[in-house]
Amino acid sequence: MKSEHSGLISGSSNHCMALARDGRDSAAMKGTDRAYAKINISLDIISKMDDGYHDMLMVMQSITLCDEITIECAPGNGVSVDTDVPYIPGDERNIAAMAALAFYDFTGINGYSTRIAISKSIPVGAGLGGGSADGACVLRILNEMFNTRLQRSELETLGSRVGSDVPFCINGGTVLAKGRGDLMTDLTPIPECRIVICKPPFAFSTPELFGLINCEKIRARPDTAGIIDFLDRGDLSGVARRMYNVFEDVLPRGKKEIENIKYLLLDTGALGAVLTGTGSAVFGIYDSAGAAKQAYDRLSASYSDCYLCETIASCAG
Ligand code: C5P
């Protein structure tokens with residue numbers, strides 16, 4: 001999907017789920033789909049809840065950067081995960097395996113050996129929701145494969161058992177997410193734009209960053225209401241100027257490098273630039289494809305983990 005000429009990860013090619021029955025064994029089934037990454041246009045934390053989780057207020061957006069997942073089910077038992085990245089676990093600690101187990105538990109389907117193959121493009125430890133996207137994609141594929149016809153809201157509830165960002169990744173698009181991230185309202189889709197992402201060579205631990213947040217002492221917050229208003233007006237620049245992520249104030253290390261990436265993005269014409277999720281990736285929003293390409297080329301000269309992509313209105317094919 002990454003064109004060699006432009007570097008742009010485009011959403012234009014077919015991203016519908018493909019399903020097939022294996023000719024050799026009529027009971028074996030195969031399904032494939034894409035797991036799309038997300039960015040946080042804004043990330044605010046309202047309070048710490050009694051269960052230790054945080055009450056969030058986030059504008060989330062799906063982008064064309066994605067992993068590819070293929071699932072093969074045949075009579076038997078067990079769930080396994082194969083990825084092309086060595087440090088991702090292949091057992092039940094993997095969020096994709098957790099999602100499959102949650103699906104079987106919820107539907108009561110059993111007696112299948114489930115092999116999940118993930119071709120990773122979304123960087124790990126970036127705040128781009130790669131694991132959550134994989135989990136949601138597994139739920140979508142299995143729902144189709146077994147013709148269980150679970151509705152979007154049912155898949156989202158099932159996803160919330162697996163991880164806080166999984167419900168958003170079931171359908172994606174442009175969404176306001178509250179609570180743990182599972183209380184969602186669809187927003188007016190973001191105007192057409194390009195996204196340049198750059199991940200520095202370090203990562204933050206999500207529990208560590210949440211642990212550094214003191215909800216009473218958050219100094220700067222995103223203008224969430226303003227972002228929603230400018231989305232409604234189709235004003236990309238108004239949206240981009242109001243972006244913020246409250247984790248930027250509590251970064252335990254690497255703050256200078258994050259600021260440098262933001263500076264490079266803004267200096268190359270980004271309308272706004274911000275940390276996504278718990279980082280460490282930073283993204284910039286561009287209304288000009290040419291400026292975005294130049295930014296991507298310039299950042300790629302210093303950082304190996306750079307991506308040029310577009311937004312998408314829905315993850316569900
Ligand atoms: O739900 P998930 O496994 O993605 O969350 C990872 C960690 O992030 C949790 O263990 C918790 O420390 C933190 N978290 C939180 N509040 C949220 C979401 C995540 O404190 N709304």
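Which element gives the largest share of the shell around the ligand? Helix H5 does, with 3 residues. This is a predicted model.

## Around the ligand

The shell holds Tyr53, His54, Met56, Gly163, Ser164, Asp165, Arg180, Gly181, Thr206, Pro207 and Phe210. Strand S4, residues 54-75, supplies at least two of the shell residues. Helix H5, residues 206-212, also supplies at least two.

Strands of a sheet pair through backbone hydrogen bonds, either parallel or antiparallel.

Strand S4 pairs with strand S3, residues 29-48, in the antiparallel sense. The two are joined by 17 bridges. Tyr36 stands opposite Cys66 of S4. S3 and S4 also form a hairpin, with 5 residues between the strands. There Gly52 takes a positive phi near 95 degrees.

S4 pairs with strand S7 too. S7 covers residues 174-179, and the pairing is antiparallel over 6 bridges. Gln61 has Thr174 of S7 as its bridge partner. A further antiparallel pairing links S4 to S6, through 8 bridges. Here Ile69 has Ile118 of S6 as its bridge partner.

## Strand S6: two faces

Strand S6 runs from residue 112 to residue 119. Which residues make up its covered face? They are Tyr112, Thr114, Ile116 and Ile118. The uncovered face carries Ser113, Arg115, Ala117 and Ser119.

S6 also pairs with strand S5, residues 79-83. These two strands run parallel, joined by 5 bridges. Val81 has Ile116 of S6 as its bridge partner. Ile116 belongs to the covered face of S6.

## A five-strand open sheet

Another part of the model is an open sheet of 5 strands. Its order is S1-S13-S9-S12-S11, and its pairing is mixed. Which strands lie at the edges? Strand S1, residues 8-9, and strand S11 do, since each pairs on one side only.

Ile9 stands opposite Cys309 in S13. Leu275 has Val282 of S12 as its bridge partner.

Strand S11 spans residues 272-275. Gly272 and Val274 point one way from the strand, and Ala273 and Leu275 point the other way. Are these four residues of S11 buried or exposed? All are buried.

## The turn between S11 and S12

S11 and S12 form a hairpin with 6 residues between them. In the turn, Gly277 has a positive phi of about 55 degrees. The loop between these strands also holds Ser280. A cis peptide bond joins Gly279 and Ser280, with omega about 10 degrees.

Helix H9 covers residues 289-300, which is 12 residues. At 1.5 Å a residue, H9 should span 16 Å. Its end C-alpha atoms are 16 Å apart, so expectation and model agree.

Which residues of H9 are buried? They are Ala292, Ala295, Tyr296 and Leu299. Seen down the axis of H9, the buried residues fall within an arc of 100 degrees, so they line one face of the helix.

What covers these buried residues of H9? The cover includes strand S9 (194-199), helix H8 (255-267), strand S12 (282-286) and strand S13 (305-310). Strands S9, S12 and S13 are among the members of the open sheet.

The loop between helix H2 (130-145) and helix H3 (152-160) contains Asn147. Arg149 is found in the loop between H2 and H3 as well. Asn147 has a phi near 50 degrees, a positive value in a residue other than glycine. Arg149 has a phi near 55 degrees, again positive in a residue other than glycine.

Why does Asn147 count as exposed? It has 7 C-beta neighbours inside 10 Å, and a residue with 12 or fewer is exposed. Arg149 counts as exposed because it has 8 such neighbours inside 10 Å.

Methods: Residues numbered from 1 in each chain as written. Predicted model: local features only at pLDDT ≥ 70, side-chain atom pairs only at ≥ 80, totals over all residues. Expected span 1.5 Å × (residues − 1). Buried ≥ 20, exposed ≤ 12 C-beta atoms within 10 Å, placed from the backbone. Arc of directions from axis to C-beta. Contact = placed C-beta atoms within 7 Å. Near = placed C-beta within 6 Å. Pairing = 2+ DSSP bridges.
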